[in-house]
Amino acid sequence: MNDFLQSIIGRTNKVKSLLVLFICLVSMSAYAQETISGKVTDEIGEGLPGVTLQVKGTSTGTVTDINGNYSLSASPDAEIVVSFIGYIRQTIPVNGRSIINVSLEVDIAELSEVVVIGYGSVRKSDITGSVSSVKAEELQAFPVLNAAQALQGRAAGVVVQSENGGEPGAPIGIKIRGTTSFSASSSPLIVVDGFVGATMPQQSDIESIEILKDASASAIYGSRGSNGVIMVTTKKGVPGKITVEVNSTISSSETSNRLDLLDADQYADYQTLLNPAYVQGPANTDWQDVLFRDGTVHNHQFSVAGGSDKINFFTSANYFNQEGVIINSAFERYSFLVNADAQVNDKLKIGVNLFTRRSEKNGVSTQSTGETTNGGGDDVIGLMFRFRPDLGIYNEDGTFTSQNVGGFLDNPYAVATERQNVLKEDRNRANFYLDYKILPGLSFRSTLGIRTINENDARYIPSTLTETDQGFGGRATIENRQSNYLLNENYATYTRKIGKGNLTFVAGHSYQSDLTERFGAGSQGLIKDSFGYHNLGGADVPLTPYSSYSKTEILSQYARVNLDWDDKYLLTATVRRDGSSRFSESEKYAIFPSGALGWRVSNEAFLRNNPVISNLKLRASYGVTGNTSIPALSSFATFDNVIGLAGGQLVPGVVPDQLANASLRWESSYQTNLGLDLGLFDDKINMEVNYYNIDTKDLLMPNYNTPVYLGYLTRFALKNVGEINNKGLEIALSSTNIYTNNLQWTTNLNWSTNRTEIIKMNEGIDVYLDASPGYFSRERTHILREGEVPGAFWGYVYEGVYVGGQLPEGTAMLAGGTIGDPMFAEVADEEGNYDGVIDTQDQQIIGDPTPDFTYGINNTVTYKNFDLNVFIQGKQGGDVFNLTRVQLMNGDANAITDVLDAWSLENPESNIPRVGNNSLRELSTRFVEDGSYIRLKNVSIGYRIPANIVQRVGLSNARVSFSAQNLLTITGYSGLDPEVNYFGGGGESNNPGNPRNPNTTNGFDYGNYPTIRSYTFSVNLKF
């Protein structure tokens, strides 16, 4: 027993000893972990917020606050790694200190490494092509539905425009260096984090955008990059403390302009001149007051970012909700973004980008084709202007009023509130990648991306709209579109130093597959309007269902060489081979090469350390890109469904639809770019100048000479028959006007001009197009002609009002003309004679929708914690065909107040034809106006709350701001807004004969959703 007790006591003493030793070690460890604090400053002593400080070899870290202050725990013998984008990374030993202040130096090389190009990145100083950059702070200057809108006026040569004014959820059209095609798309390729053909994320998630404009920059994407490339880099996590950010904006909006229309009494007097028996209605309704309202926008983003030495992540959730300035128009969107990467070991890194978005658009019908009931009865904007002001919304029995002057029309309030237009869309994208370092200087990257789009477009016209419904008893349609896109990229990158040079070689393989399925159904004569489009089976007459299937594939190989020799001489050479299933077997493949040279003159001995010129680089590039953005099966013979009559019975059948064209091949654009980059006074002033020339040959155009007797439904099958030329000049200028400890002022200006000319048409024939509403009963509003710009306006030249007597030489009137009617210029025959009659032979080119130049000016001033931003954007030249004015001076509906000054015996000096003249919606120069404008796009003032205040509530940064968008527009245009796009968007047809082609139809104004003026309050919080 004694031995047992001694054993226990001995063991107990050992346990006590071990326990005491453990406590001592823990105490020593705790004692060793000291709190270290200090401040991180830049090269001029200003505190740097957001700097990462991490204890080397551990996951312990922090970031500096708004004033550059930090605090963290570390042992006396630890080392702290200090890093910040654009500054030299430092590793600092603690050496027992409790206060460590750090001054970071600008890393010129790292600052130049911010430009992302296809399949890699280069120093900005090494760029040989034409590339424009837009940073996060510019994108977030004011709230927008789509980040693409924030590019407007930010980059030279890039034209951005909503395809329907301020409509909630309206698509955004982008063109880089003008129109380079008739039938194929002229929209640029969007690449997000390496995913080709991605959806633009919301602006708060974007770190930067690079716009690749010339062939040298975009040729690595081959046919997909023929219209330029927009490279989007989203935000990523960084090692250190987890950061939480909240961005929230609330906006109130209103229409920026209204038309001056006749009131009830003026309208009655006006109609009496046309019809003495007219009886004035009982009301005085301003339909613009009825339909327009104050809109609202809510945009809220929540993000979390962080990481360690091995894993980094960034995740973001966004909610956007807009109520439009027209009643019953709205758009709601939810989106989520996740970026994560992991460093598995020294050689392998893997990552994933995930994006998902759900949106729902409740729209009112605008920009109507005018081909429905009685001339555009479904167009709310057109009805708002046309409808009688002497009628109210409701009749005495509670039914909606309708109009029987100038056609039978439902009132616009009824159409806006009763008709249902709902578009639901789900977009999902997943991109997985791995990077593997095979050898020093040699790496391999593989990506697998998937994108899905599911759209549901539902519409219902109730029986309460007596004129629009046309007695069908309610009509409902539903269409579903599903798209599945697969992308696989595999490429290797090799870098090596060769003598005085640095060589980078990229070679890879790409496969893209895009599958789209559509189906739709409808019915009319529904049991009850209350079901809307949710009960297609409860109807008297089912409409013929339809479905379609389409799949396209692109298989590519590509390579690029970048050589920087002695930090002076630059070379870029690129080649890509694309194969597309859209073309026949013998024409599937094409090769697209490009090359570029650069000379950094400022690094030569004779210019180095020059006190004035701090940077001078000359650039020149030439390359070929292709365009394959045409419908699938465009080169093959196709059939279409028909319903025939046999034996008194309806029977289905098929007929030839399209003639085969086995020689159909790629459009090819031959691009030349000459550039100059200039920096003055230590780069306080920077200028970039580019001149470009683009010759697009083998232009894909419809063959208008296909004989009718061949029996094909589609007579305008595509053929390589045209040529078009684009040339222009771009200037971008930035300056640091003031830079002191408390006050900074910077200015950015861009200016660009583009001229497009049709060089060759199919056998030189003219092609006449029509973009007027169907009830105008016109066939020609614009023309495609050799030697002219695409879509030049076509019509009569107005020569004033006929006041009696002998007509001036070379003028005549339309048939039946009399005193007070319009006169037009005649076109002489080959002998120089006039026939005295105005007919289609006297129509000619009467306007050019292409602006002379576009520009943007951005000023940012920061004083202590305050900041001010003023952004001006505009264009000079570019005619607008005011079809709204054509309608509102026609006499068959309401009118603008200008008609009160029409010619009469009492007003013989007027240049406006008499009321009830015989022009019949003639298209002439009196409706073509100068579309020049200058717009105060954004004014914002912000305040960053001092750190000693925000830190009390656990924040690291807080900023509030107030801004106004579209505050002022200076223009001579008489319509709602000179920035118009009637029939200009949607890209619903690749046939130039269809007015909905954005390449050939520009500058028309009719029924556009109005541009809005908004006032926004924003809050940014960082934890």
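Residues are numbered from 1 along each chain as its sequence is written, and side-chain values use heavy atoms, with hydrogens and water left out. Because the model is predicted, local features need pLDDT of at least 70 and side-chain atom pairs count only at pLDDT 80 or more, whereas totals for chains, interfaces and linings use all residues.

Strands are DSSP runs (E, at least two residues) numbered from the N terminus, and two strands are taken to pair if DSSP finds at least two bridges between them. In general, strands of a sheet pair through backbone hydrogen bonds, either parallel or antiparallel. An open sheet with mixed pairing is formed by three strands in the order β4-β1-β7. Strand β1 (residues 34–41) runs parallel to β7 and is joined to it by two bridges; S103 in β7 is the bridge partner of T41.

A further open sheet comprises four strands in the order β3-β2-β5-β6, with antiparallel pairing. Here β3 (61–63) and β6 (90–93) stand at the edges with a single partner strand each, so one side of each lacks a neighbour in the sheet. Neighbouring strands of this sheet are turned by 20° against each other on average, direction ignored; axes are lines fitted to C-alpha atoms, and angles run from 0 to 180 degrees between N-to-C directions. Three bridges connect β2 (residues 52–55) with β3 in the antiparallel sense, and T52 has V63 of β3 as its bridge partner.

The structure holds 35 salt bridges, defined as a side-chain nitrogen of Lys or Arg within 4 Å of a carboxyl oxygen of Asp or Glu. One of them joins K56 and E79 (3.8 Å, N to O). This pair links the loop between β2 and β3, which holds K56, to strand β5 (residues 79–83), which holds E79, across 23 residues.

Accessibility is classed by relative accessible area: buried is under 20%, exposed over 50%, and partly exposed in between (1.4 Å probe, protein chains only). E79 is partly exposed at 33%. R755 and D848 form a salt bridge in which the closest N and O atoms are 2.6 Å apart. R755 lies in β37 (residues 743–760) and D848 in the loop between β44 (844–847) and β45 (851–863), so the pair ties together parts 93 residues apart in sequence. R755 is partly exposed at 42%, whereas D848 is buried at 17%.
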